[in-house]
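Here are some exercises to work through with the model open beside you. Try each task on your own before reading its solution.

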Amino acid sequence: MFVAPFSTIKVRFRRTLAKLVLTLVFVILSTAHVFAVTYEFNNGTILVDGIPYSLADFTYTYDGASYTSGSGLNWYVSGVNVITGEALSGIETLVAGSSDGGPGSYNIVNNTLTIRHNVTADTLAGAVSVGYGTGRLENNTVYIDNLSTIVGNVIGGAVRGELRRLNSRNNSIYVYDATAITGDVIGGSSDSGSAIGNLVHIESGTITSATGVIGGSGTISASDNTVRLDNGTIDGNMYGGYTDNGTATYNGVQIIHGNDSAHITGDIYGSWSGNGKVSNSWVTMFGNVNIIGNIYGGYSDNMTSTGNSVSLTGNSIVGAPNVVGSIYGNTGNIYGGYSRLGDVSGNNVFISAVDNITGNVYGGYSDSGTSSNNSVSIRSSSGNFFEDVYGGYSRDGIARENIVFIDGNININLTIGLEAQIAGGRGVSAIANKLVIMNNAGNIRNVAGGLGVTEADGNTLELLGNSAYRIGWWAYGGKTESEDSPSHASYNTVIVSNPNVIVQRLAGGSTQDWGIDTTANNNTIIINGGTFIGGVIVGSALTTNGNTLTINGGTFDTAIIVGGTSTTLNNTFNLTTEIRAKSVRGFSTFNLTVNTVNAVIRAEEYVTFEDNSILKLKVSRGAPLFERGDTFTIIETSDGIIINGPVDGTRMLATSGMTLCYDVVLGYNTAKILYATVMSDGLVANPQLKSLSEGFLAGMTALQFGANVATENALQNMAITTKKGSGIFVGTGGNATRYKTGSYIDTIGFSIAAGIAKKVFFDYGEMVAGEFLEYGQAGYDSYNSFNTTSAINGEGKTQYIGLGTMGHFQSVSDNFIEASIRGGMYKTHYESNDFEEYVDFDASAPYFAIHFGVGHIQFIGARTTFTPFVKQFLTMQLGDTVKVAGDEIKFENMLSTITRAGVQMSHGFSDVFWTSIKLAYEYEHNGKARATLFYRDGATMFDRDIEAPSLTGSTFAAGLGFDITPRRFPISTSFDVDLATGQREGVSGSLQFTWNFKAKDVKVKKQR
């Protein structure tokens, strides 16, 4: 059998393929491809490049529908331009480019329908594709101008038939002049695919539509479609993108340069989807336009709506003009994002210079889903808002982390009732929402950071700026609205910094019903200015604990001031200015600042202290300097009394700043005035500053333990185990120790000393000497309690690094003498939250240390020794200067002098293994951490001594040790455990290693 060569087969295949391609091109060009042809309607005929044809020549029927098309029944239609130059009527569908379908690929692109006269037709289209094939429908356009009147629907490009998987992409409709259209206007639609990038641009005219004006409508999805309205009237809805079941994303409606007569009577949607997700869609309006209807950046009936926006800029009206509850029904609502059943998140509404909005404004709205991270921003507006404004709203779900920001002269429902309000978020649960009102705000009825049915926690309300405005009824950080269910409004915050705001009633956290299980705990109100008429209540519920009110300014002449209603515990009142009020109650802690000799609190009726209340006094640095015997008023009531106040004769401190104080005693003038008398010689250092010195003292404790590791453990092991020649030694130890300083310091740390040593022998004895590097660090906690003020807990860490040298000489008569010199740098860090403000500092400086010791080794038998010893340790830690609360604190040089005496009993079970017991007594002669406070009063510098904590005192110690010195190995090991009690108490342990360079055996006398 003959087989053709492979090269011959390739030639035959190429020739066959070329014939097929030429045949296909011929078929397309001759029978199925229409492009670059102009069809013009004129006197009942169609001119095709000037040649007349009958209208019937371009009409065909598909699936019972009649289509009049310039392109005929073709596979590929491009560049067809159909122009109407006369009035037309009686046409079902007039289309520039079309394809009837059937199996195969059908492409309809770049076709144009131009309408320049009145037309009555069911549909006008740039392109229509019907059937069940595949292909493209793109870049088709409809132009309508010349004051035309259109009766029928207008579509840029349409895919008809559910079996076609064809997208409608980048089709456009342009409406010019004062054209009137009765019917729907759709940039691109697909019954079976997606609508992508289609456009409807209306420069002027009137459109009356049953369905609306739609940028793009798709079955699978609608994305990047746009409706733009420059001027005109739309009687119907507007949709950037529309889909029943698919996703809708990046669609939008833009309205610009409107005039006063233009209006939209329907709703506006950036995107609309019935059962799909909606995201990143938008509505933008700029100009004078009346919108009678609702505005939605993104609308999904059943799925999520995220990242959508509405931006309104211009003197426009949204809703029925100047009418609330009008014949239009629920109109004028604005939604950045909307979902009936799904979550809404990341949506926003921006409003600027709008005349009136008759409905509600929502950054995000959901009936049953979660509304989170949505926002509403209203700026530079001078309009009236007749309903509610919410950053996020969920009727049956959670509203979380939404925000409303207002910086405009707006008015909210001043005359229609008490229900309309502004809130960062509203839901069954309102969590971490925020409302901020800045300058130029008008008059508002109710405001809240968050409104919840049963939960309103972690919300924030801020009233800022300088311009005058009024909160006409209530202002809440967080409020619950249930009247028959347990609820809580806790951890909410209110900040008022506007000096010109007027607030009727202010609450940090509030529940609707006090008679059931309700709580309002840990709420905070900070007031820096403003006028408060009715009341300031931090926590309003059946149980109110841990709430805090801070007043730095403002007017409260007619207000009641309440920390917590009903059962209260640990509510705090911080007052830095002098105020007048009707009454004060519900606080367990009063932090009051004295600015003059006048009363800090002047109450018309009463001031009530809760049981076991705490009063803390502060004297501002700007107040007069008081001397011994001076008095100043704390609380004064005009018509009432001070209830359950401090005991007459109570001794306490009145702090000035954080570092200074007066020693005062409290007294009463009848039951109406509480005053204080100065007992100290003017200002003295705050005794709490002793805690700072203990942080400095912690550095010395670490250096003392380092001395033990280096000179008690490492040196002794070096002396005992180093053989003739040189050796490397390492001593390390850890400790957990309490130092009694008048209070105490607890430390946990470690130290290490490592170096090289050399032993030499003489006729009269032996000596070993070495140099070493040392390092140590420790963490510490300190505690100080005081009779006249609160206790202070401090904590931190300290570390050091240095060099040293030491030596040990033992005579032939078994007496010994030893000494060492050490030096380096230390660093101490301190911090505490127990002062009026958080305190931390770092101190660092050089240190120097020496030690000297003597003793005698008495042998009792061949392997037992008894060794008495006496040692002296001197450690110098240089001082440093740090800044605390704006004042300088200078830590002086600190000297520690320790004398230690004791005995040690050692026994060798062999030449290899020895054990020892040690008993010692030590006394710290110095160890004081002296410090001086420097502060300024004007141009004059003053100084005050700080109480010095001290390590002075006696300590008793006992220890157990083990030595292992192998005969044939150059490594020796020691281990010790020590217990201490007295001024220093705790446990420590050490481990030492010595490695000898030379191994010449010599008889070594054991000290232990």
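The exercises below cover confidence, salt bridges, one threonine and a surface patch. The model is a predicted one, in which local features need pLDDT of at least 70 and side-chain atom pairs count only at pLDDT 80 or more, while totals for chains, interfaces and linings use all residues. Residues are numbered from 1 along each chain as its sequence is written, and side-chain values use heavy atoms, with hydrogens and water left out.

**Exercise 1. Find out what the pLDDT is over residues 1-31 and over residues 414-418.**

Step 1: Begin with the whole chain. Its mean pLDDT (the predictor's confidence in each residue, from 0 to 100) is 85, and 87% of the residues reach 70 or more.

Step 2: Turn to residues 1-31. Here the pLDDT is below 50, and the stretch has six contacts (heavy atoms within 4.5 Å) beyond near neighbours in sequence.

Step 3: Residues 414-418 also have pLDDT under 50, and the model gives them 10 contacts beyond four places in sequence.

Step 4: Where pLDDT is low, the predicted coordinates should not be read in detail.

**Exercise 2. Examine the salt bridge between Arg 340 and Asp 301, then two other pairs.**

Step 1: The structure holds 17 salt bridges, each being a side-chain nitrogen of Lys or Arg within 4 Å of a carboxyl oxygen of Asp or Glu.

Step 2: In the pair Arg 340 and Asp 301, the closest N and O atoms are 3.1 Å apart. Arg 340 sits in the loop between strand 39 (334-339) and strand 40 (344-345), and Asp 301 in the loop between strand 35 (295-300) and strand 36 (305-306), so the bridge ties together parts 39 residues apart in sequence. Strands are DSSP runs (E, at least two residues), numbered from the N terminus.

Step 3: Check the cover. Buried means under 20% relative accessible area, exposed over 50%, and partly exposed in between (1.4 Å probe, protein chains only). Asp 301 is buried because its value is 18%, whereas Arg 340, at 31%, is partly exposed.

Step 4: Compare Lys 759 and Glu 766, whose salt bridge spans 3.9 Å from N to O. Lys 759 is buried at 3%, and Glu 766 is buried at 14%.

Step 5: Finish with Glu 138 and Arg 136, which meet at 3.2 Å, N to O.

**Exercise 3. Which side chains make polar contacts with the side chain of Thr 659?**

Step 1: Locate Thr 659 in the loop between strand 72 (651-656) and strand 73 (660-669). Thr 659 is buried because its relative accessible area is 0%.

Step 2: Look for polar contacts (pairs of N or O atoms within 3.5 Å; within protein, one must be able to donate a hydrogen and the other to accept it, and residues adjacent in sequence count only if both atoms are side-chain atoms). The partners are Arg 621 at 3.2 Å and Asp 887 at 2.6 Å.

Step 3: Thr 659 is then in contact with residues including Val 684, Leu 689, Val 884 and Leu 933.

**Exercise 4. Which strand gives the most to the nonpolar patch?**

Step 1: Strand 90 (953-964), strand 91 (971-982) and strand 92 (984-996) each supply at least two of the patch residues.

Step 2: Strand 91 gives the most, with three residues. Val 977 is placed in this strand 91 and counts as partly exposed because its relative accessibility is 33%.

How values were computed: Helices (H or I, at least four residues) and strands (E, at least two) are DSSP runs, numbered from the N terminus.
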